[in-house]
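Here is a structure to read together, one feature at a time.

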Amino acid sequence: MKIKVHHSMCQGHARCYSLAPDIFQLDDAGYILPGDITVPAGQEALAQRGVRACPERALEVAED
Ligand code: SF4
């Protein structure tokens, strides 16, 4: 499972990170790092929760 990051839409709420800091990594200013995320096996449900928690819809699940 991959997550597409729409970096320009991120407003730095860090809700994704607070749910799953191992999956969603932020820069020093609290914005998500650009580039697609490959979700480790077994962490798909947590990743889905992080995607849904983003109020800016900056995260999108992309099945591979
Ligand atoms: S929850 Fe959304 S807006 Fe907030 S840091 Fe994560 S990607 Fe950015």
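This is a predicted model: local features need pLDDT of at least 70, side-chain atom pairs count only at pLDDT 80 or more; totals for chains, interfaces and linings use all residues.

Q: How many cavities of 30 Å³ or more does a search of the whole structure find?

A: A cavity is a space where a probe fits but cannot get out. Here the search of the whole structure returns one cavity of 30 Å³ or more. For the largest cavity, the volume comes to about 110 Å³. It is lined by 15 residues, and those closest to its centre are Cys10, His13, Ala14, Cys16 and Cys54.

Q: What is the make-up of that lining by class?

A: Nine residues lining the largest cavity are nonpolar, four are polar and two are charged. When reading such a count, keep in mind that Cys is placed with the nonpolar residues and Gly with the polar ones.

Q: Which residues surround the ligand?

A: A residue is counted here if one of its heavy atoms lies within 4 Å of the molecule. The shell around the ligand consists of Cys10, Gln11, Gly12, His13, Ala14, Arg15, Cys16, Gly30, Cys54, Glu56, Ala58 and Leu59. By class, that shell has six nonpolar, four polar and two charged residues.

Q: Are Cys10 and Cys16 buried or exposed?

A: Buried means under 20% relative accessible area. Cys10 has a relative accessible area of 13%, so Cys10 is buried. Cys16 is at 9%, so Cys16 is buried as well.

Q: Where is Ala29 found, and is Ala29 buried or exposed?

A: Ala29 lies in the loop between helix H1 (15–19) and strand E2 (37–38). Exposed means over 50%. The relative accessibility of Ala29 is 58%, so this residue counts as exposed. Between Ala29 and Lys4 there are 25 residues in sequence and 20 Å in space, C-alpha to C-alpha.

Q: Where is the place of Val51, and is Val51 buried or exposed?

A: Val51 belongs to helix H2 (residues 44–53). Its relative accessible area is 13%, so Val51 is buried. Val51 and Phe24 are 27 residues apart in sequence, and their C-alpha atoms are 9.5 Å apart in space.

Key: Residues are numbered from 1 along each chain as its sequence is written. Side-chain values use heavy atoms; hydrogens and water are left out. On a 1 Å grid over the protein atoms alone, a cavity is a set of points where a 1.4 Å probe fits but cannot get out, and a pocket is an open set with protein on both sides within 12 Å along at least five of seven lines; lining residues have an atom within 4 Å of a point. Grid points are joined across faces, edges and corners, and a volume is the space filled by probe spheres set on the points. Buried means under 20% relative accessible area, exposed over 50%, partly exposed in between (1.4 Å probe, protein chains only). Helices (H or I, at least four residues) and strands (E, at least two) are DSSP runs, numbered from the N terminus.
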